[in-house]
Structures are given as C-alpha cells and as structure tokens.
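Please read the following points with the sequence and the coordinates open beside them.

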Amino acid sequence: MRAFATGPRVALAADARSDAHHRFATDVAAAAAPRRHVVSARRDAHARSPGVRARWALPRGFASGPPGVAPAPSVVARASASDDPDRGPGFGFGSRALDASRLDARGRVPVGARTVILGIETSCDDTGAAVITGDGRVLGEAIASQGEIHAKWGGVVPNLAREAHENAIDDVVARALAAADVRPENLSAVAVTVGPGLSMCLRVGVVKAQNMCVEHSLPIVPVHHMEAHALVARVGEGGKKREGVEKGVDETSDETSDVYETSSARASFPFLALLVSGGHNQLILATAIGEYRVLGGALDDALGEAYDKTARLLGLDVGGGGGPALEALAKRGDPKKYKFPVPLRKRKDCDFSYAGLKTAVRLAVERDLGKPSDGDAFSNVQGLEGDDDGVPNRNAETEAFGPEETARRDAIRADIAASFQFAAVKHLEERTRRAIAWARESLSLETENEDAEKRDLSCVVVAGGVAANATVRATLGSVAEEAGLPLVLPPPRWCTDNGVMVAWAGVERFRLGLAEEAPSAEQLEPKSVSDGKKDEDASRPARREVPLLPRWPLGTRDARATGEVKSSKTARIAPPLRGAPLR
Ligand code: KG4
Ligand code: ZN
C-alpha cells in the first residue's frame, strides 16, 4: 500500500520523436529525479500513428508514466521549451513553442502586476470570460448562462449548447475586456479551456482564442477545466492583496461573495481539493501546478448531476439550475424525515457514488407523491412551473389536488429534498475526512520533502458548482476544522463555471512557460479529412483542426484508490495533465 512512497521512483522520459529528443527527455527526467530510477522509452511509433494518437498525444515535452503505472507526481519532469525549440510544452496544439525571448533562464515567463490574461470558458453550458492580472486582480468578468435553454430537456443538449456559445462568445469576451478597460492587443496571453468537456462546446472557445491570438500575436495557454476549478482557490496567491470589489463585476451579483471564506488568504501547495460539479466528483491532492494525485472519483453520477435530477424528479423549475432550486426547497424540509442511505459506507476509500441515493429518492417520490407519468419530469403530471424560490407553482397543483393536499405535498417535497441533501453531503463529508488522512499520510512519507511545510496539507479547498451550496460549505468547514486545517472556499460565482478560473489557471501555467505561441495562419486553414475514406469524405466540408481533449483525467489515481475506469472507456481518454517545472 505504501509502495508509492517508499519504493523506487520511476520517471519515464517519454514523448520522444527522435533519438535526440529521446535522449534529451531522458536527461531531463534524470536531472529532475537524480536519486530515482529513471526508465526511458520511445513512443514515436504511437505518437505518429493517427489511430492511437488520442491515447499517446501527451502534452508535448512532458514526461509521464508508462500505461497502467502511476508515477509519483513529484517525479514528473518537463522539457524546457527554450532547450527544445521544435517541441512546444503545450498540449499537442500543433503550434509553436513559446518564443525563447519570453522566457527567463529557468524557462519561465516573468509574470506580475502588469501581466494581463484573458480567460475563456465554454466547456459545458456557461460561456465565461474574464481578464485578470498576474498578481490576481480581476479586472473584468462576464458570463452568459444557458440554464433556461436546457431546462426543459433534462440536461445539457450539446447542439443547443454549441449554438448558444456561438451566439454569446463574441459578446461575452467583449464585455469582459470592456469591463477591464483592456484592448485585446494589450493582453499578455489568452487562456482557454481545452478539456475535459463537450467537444463541440470546447471548440467554440478554442476557435475564439486561436483567432484572437493569431490576430494580435499573443501566446495561447491551454487550460484543464478541473484544474481551473481547483486553482481559483489561489487567485492572488503570491501577489499583492486585491483591493475590494473588482471593477466590472455584475452589480446584481452577491458582493459579499467576493470575500473568500477562509482563515488563510489563499490555497498554497500542498492542499486537498474536493471538486464537485455537474460532471465531476473528485478528491485531489495538489502538490504543484500540474501535479495532482486523484484520491477518489465518481463511480457513477457526480453530485451536481444528482442535484439536477432530483430537482426535476420533484418537479422544480430548473431554469436557474437544479442545484440552487433543490437547495432552496431543502431549507424548508426536515433532513431526518427520510432515511436515505449514505452511499458506499462499506467501501473504505475516497470514491463517490450517487446512483443508489438517486434511486432511493425516486422510490420515495413514487411512494409518497405518485408515479411521474412521463420519465423524470414529475412536473409533467401537473404541468407545474416554479416560482422564484424554486417551489412548484401552487396554483396549478391546487387545481389538481385542492389546497390542503397541495400543502401536504409541498411539505413532502421539502422533506425529500432536505433528506437527499443530508445523505448526499454526508457522503462528501465522510470521503473528505478519509482523503485528508490519506493525503497527510502521503505527504509525511514523502521523505524527499525537506521543507517541513510541504509535509502536511496547508488547507482544504472546496470548489466546482456544488461548492456554491451553503450546506456543503458549512459541512466541509466543520470537517476541515476538525482536522485543524483552514478551509478555502472560492466565492460562489467562481465555483460554478466562469472565466476567472480559466484566466487564473492561465496565469499560473503561463508563469511556468506552459503555453504556446499563436498557431500560424496556415494551421488555421480548414482541412478536409481524408484518411483513405475519400468517397465518404468528399461531401464533408473542410474543417479547421482544433486540438481538444474532451476526456482528460486531472491526474493519476492514488494506489489506495480502487474502481478504475472501465477499460472499454479508457481508449479515447487523453493522458493525465502534467506540467510541473524542473525544480
Ligand atoms: O462547475 P459547474 O458550474 O459545471 C460543471 O463543470 O459541471 O457545476 C454545475 C453543477 C450543476 O449540476 C448545478 O446544479 C450544481 O453545480 N450547483 C449546485 C448549486 N449551484 C450549482 N448544486 C447544489 N447547490 C447549489 N447551490
Ligand atoms: Zn465546471
């Protein structure tokens, strides 16, 4: 069990396209891990073969472990762009390495108060953009949410989402820049989410970023969506204090939320992050930028999805998001009324599962409120619409059941909502408590950590859409307190998808030189796809090749974690995010 910490470390110098590169990458790995056993391997054949490209197209210049073997995150090495000019340290964007003139002697980019980065987010159903300085001042932010568009479909409809992103992207970016009073040509770089997410949505943001970068000769910083969720807890870390409420923030937004709820200023490494969103449920030990050990993940539905589905099952108006609607209803209910099972109590690991809880809720709804006539949407029975606080419209239900029965049904709904939330959050609490212990065990065993501060967690971060939930925030606050750790909670509007988190992840990666020059105009030319299937492809319009990583793990799973992703699903998954600098 402890082999990850005590056994010989393995660093794989990979992604080598030639002997010279191979030797170079091996040297880099050896330099980074002088006391460790360094294994080298060639991946040329795989890298060149289009069929396996998706599996092997490593972020260029990064070293990674062999398939199935999770290297200790601390041994990851990165080839410096300045030493290896024809390979960028990016994400296989096919574009050019960061120009050597931008880098200092260590291969890093000097980033400070005068660095200004635009971040673009389009991975799911929010079009977000923000402008931030290198020291963490948010100069402007803008967002367009698609909640209303998808509400009636019971989930995000990719085609509709793409269309909405396409309609919103120019305006959202323009609004963020205007609020910041920054012209595009004065930006230092553009950061954009390249994965994970819906390809057709990611594409909208990446195309916009590429176009801006080409037009204004700006570097592009590819960003991992979940890394951005975690790193937003570090906005301003290392920089000077932010001054009050930023310019450009929507005036209707909750201003008190601008203050971090934390006893320490910002998250510093190493920290534990609980990331809870619509698509992900993860516990991560973060030791440096790009170094994430996955202590636990979702075996089935993520919590945000469970919130959304439960909200629909209860007939709530989900136009403003299922999570907030359910949270509002739960405030009125009794969390102990229904004894829903807390998931995975018998599994002593840090994974999550919400499918069983969802079924238990469905059975309770069917028993006490009647069976929905049409799939999930219980509201279809009555054609109910929600009022402002997320409770189904009483007038419609009163007609069907009469006032007394309607009130009784309202109370049942509230109790189910509160009891669901109770069990759901209890699950988060239990897994996080164990993950803190695991993380601490790992860090204390990392004997090469000479710095005493690095031998324990600095704090617990809770981020992602569900971290906007007050019960989640309060509960995790107690877990952290009990462990004697500060809790760092980004303001709610930076928990749900937004441009600030991408812009800030951009700052952190840009500083390490983890960016690329703008693609050449030639690279942006549409190409027709012709892999020998000419007949079929002839009718297909030429498309610009846009590098995306729709399925992309944040890190490798910890040795103690079980329940690997099913093998049938791994084929098209990009390798884990890497990107630690040489140290
Ligand atoms: O991070 P996010 O904006 O998008 C993804 O990356 O998935 O998270 C969206 C999820 C949705 O499922 C939404 O219902 C949930 O976060 N959410 C909440 C709350 N606000 C958003 N869940 C519970 N309570 C909330 N207040
Ligand atoms: Zn998200």
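1. Helix α14 (residues 403-445) packs against helix α15 (residues 470-482) at an angle of about 30°, and their axes are 10 Å apart. Axes here are lines fitted to C-alpha atoms, for helices over the stretch in contact, with angles between N-to-C directions running from 0 to 180 degrees. Helices (H or I, at least four residues) and strands (E, at least two) are DSSP runs, numbered from the N terminus. The two helices α14 and α15 are therefore roughly parallel to each other, a label given to angles under 35 degrees, while those over 145 count as roughly antiparallel, 65 to 115 as roughly perpendicular and the rest as oblique.

2. On the basis of the numbering and the model: this is a predicted model, in which local features need pLDDT of at least 70 and side-chain atom pairs count only at pLDDT 80 or more, whereas totals for chains, interfaces and linings use all residues. Residues are numbered from 1 along each chain as its sequence is written, chains are lettered from A and ligands numbered from 1 in the order in which they are written, and side-chain values use heavy atoms, with hydrogens and water left out.

3. From α14, residues Q421, V425, L428, E429, T432, R433 and I436 meet T471, V472, T475, L476, V479 and E482 of α15, where contact means heavy atoms within 4.5 Å. The residues of this contact comprise six nonpolar, four polar and three charged; Ala, Val, Leu, Ile, Met, Phe, Trp, Tyr, Cys and Pro count as nonpolar, Asp, Glu, Lys and Arg as charged, and the others, Gly among them, as polar.

4. A further partner of α14 is helix α9 (residues 303-313), whose axis comes within 12 Å of that of α14 and crosses it at roughly 175°. This makes α9 roughly antiparallel to α14. The contact involves L303, A306, Y307 and T310 of α9 together with F420, Q421, A424, V425 and L428 of α14, and its classes are seven nonpolar, two polar and no charged residues.

5. For helix α6 (residues 158-180) and helix α7 (residues 199-216), the axes come within 8 Å and cross at roughly 30°, and α6 and α7 are therefore roughly parallel to each other. Helix α6 passes α7 in a right-handed crossing. Among the contributors from α6 are R162, E166 and D170, and those from α7 include M200, C201 and K208; by class, this contact has nine nonpolar, two polar and four charged residues.

6. Which residues are closest to ligand 1? Of the 19 residues that surround ligand 1, the closest are G278, D308, E327, N469 and D497, a residue being near if one of its heavy atoms lies within 4 Å. An N or O atom in the side chain of D308 is 2.6 Å from an oxygen atom of ligand 1, and a polar side-chain atom of E327 lies 2.8 Å from a nitrogen atom of ligand 1. A polar backbone atom of G304 is 3.1 Å from an oxygen atom of the ligand.

7. Some backbone features deserve a check. The peptide bond from G195 to P196 is cis, with omega near -15°, and P196 is found in the loop between β6 (189-195) and α7. Another cis peptide bond joins F269 and P270, with omega about -5°.

Notes: Polar contact = N/O pair within 3.5 Å; in protein donor to acceptor, adjacent residues only side chain to side chain. Left-handed = near helix turned anticlockwise from the far one by under 90°.
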